[in-house]
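Open your viewer and get ready to select residues one stop at a time. We will begin with a single side chain and then move on to rings and helices.

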Amino acid sequence: MFEAISTHYLWWILALLLIAGELLLPGYFLLWIGIAAAAMGVVLWVVPTLGMLAQAIVFGVLALAACVLYAKFLRPRLERSEPGNERLNRRGEQMIGQRYELIEPIVNGRGKARVGDGQWLVSGPDLPAGSTVEVVAVQGTTLQVRAAA
């Protein structure tokens, strides 16, 4: 059955299967091994007389090199956080340092401030409605505020 198919096509089919496996079981390593298999297909297309043992050794070297290149060079660049991204999914913490207007006075340490088109509970020193406050911390869904200077 496989005698009619050139061996480099088998490597490309293996590459596609490995990359498809990466889609089903994400983890980045099947992707890089699949890329190594595709590269092996190119090597075999250029040098079609390469024996099976040599193919296995070259594939192993290519797979190892692809995984090491990913782990040492590409992954650190991808994981580097951009300034501001450390609070990306923590909306309350994004408000630290922002100023808002009180829509209800802070009485006994509790009140409400207008944030965008909504309201947030605030705690801090007693202040009248309409005062501008600055967020200094967040506890759960309550903004800790102080009077804005």
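Select S123 and Q144 and show their side chains: they make a polar contact with each other at 2.7 Å. A polar contact is a pair of N or O atoms within 3.5 Å; within protein, one must be able to donate a hydrogen and the other to accept it, and residues adjacent in sequence count only if both atoms are side-chain atoms. You are looking at a predicted model, in which local features need pLDDT of at least 70 and side-chain atom pairs count only at pLDDT 80 or more, while totals for chains, interfaces and linings use all residues. Residues are numbered from 1 along each chain as its sequence is written, and side-chain values use heavy atoms, with hydrogens and water left out.

S123 sits in strand 3 (residues 118-123); helices (H or I, at least four residues) and strands (E, at least two) are DSSP runs, numbered from the N terminus. Is S123 buried or exposed? Its relative accessibility is 11%, so S123 counts as buried (buried is under 20% relative accessible area, exposed over 50%, partly exposed in between, with a 1.4 Å probe and protein chains only). Leaving aside residues up to four places away in sequence, S123 touches G109, R110, T142, L143, Q144 and V145, where contact means heavy atoms within 4.5 Å.

Next, the aromatic rings. The whole structure holds 3 aromatic pairs. Rings of Phe, Tyr and Trp (its six-membered ring) pair if their centres lie within 6.5 Å; planes under 30 degrees apart count as stacked, over 60 as edge-to-face and the rest as tilted. Select Y9 and W12: this pair is edge-to-face, 5.6 Å centre to centre, with 75 degrees between the planes. Both residues lie in helix 1 (residues 7-24), 3 residues apart, about one turn of the helix. Y9 is partly exposed at 43% relative accessibility, and W12 is partly exposed at 27%.

W11 belongs to helix 1 and F59 to helix 3 (residues 52-79), so the pair ties together parts 48 residues apart in sequence.

Finally, colour helix 1 and helix 2 (residues 29-46): their axes come within 8 Å and cross at roughly 170 degrees. Axes are lines fitted to C-alpha atoms, for helices over the stretch in contact, and angles run from 0 to 180 degrees between N-to-C directions.
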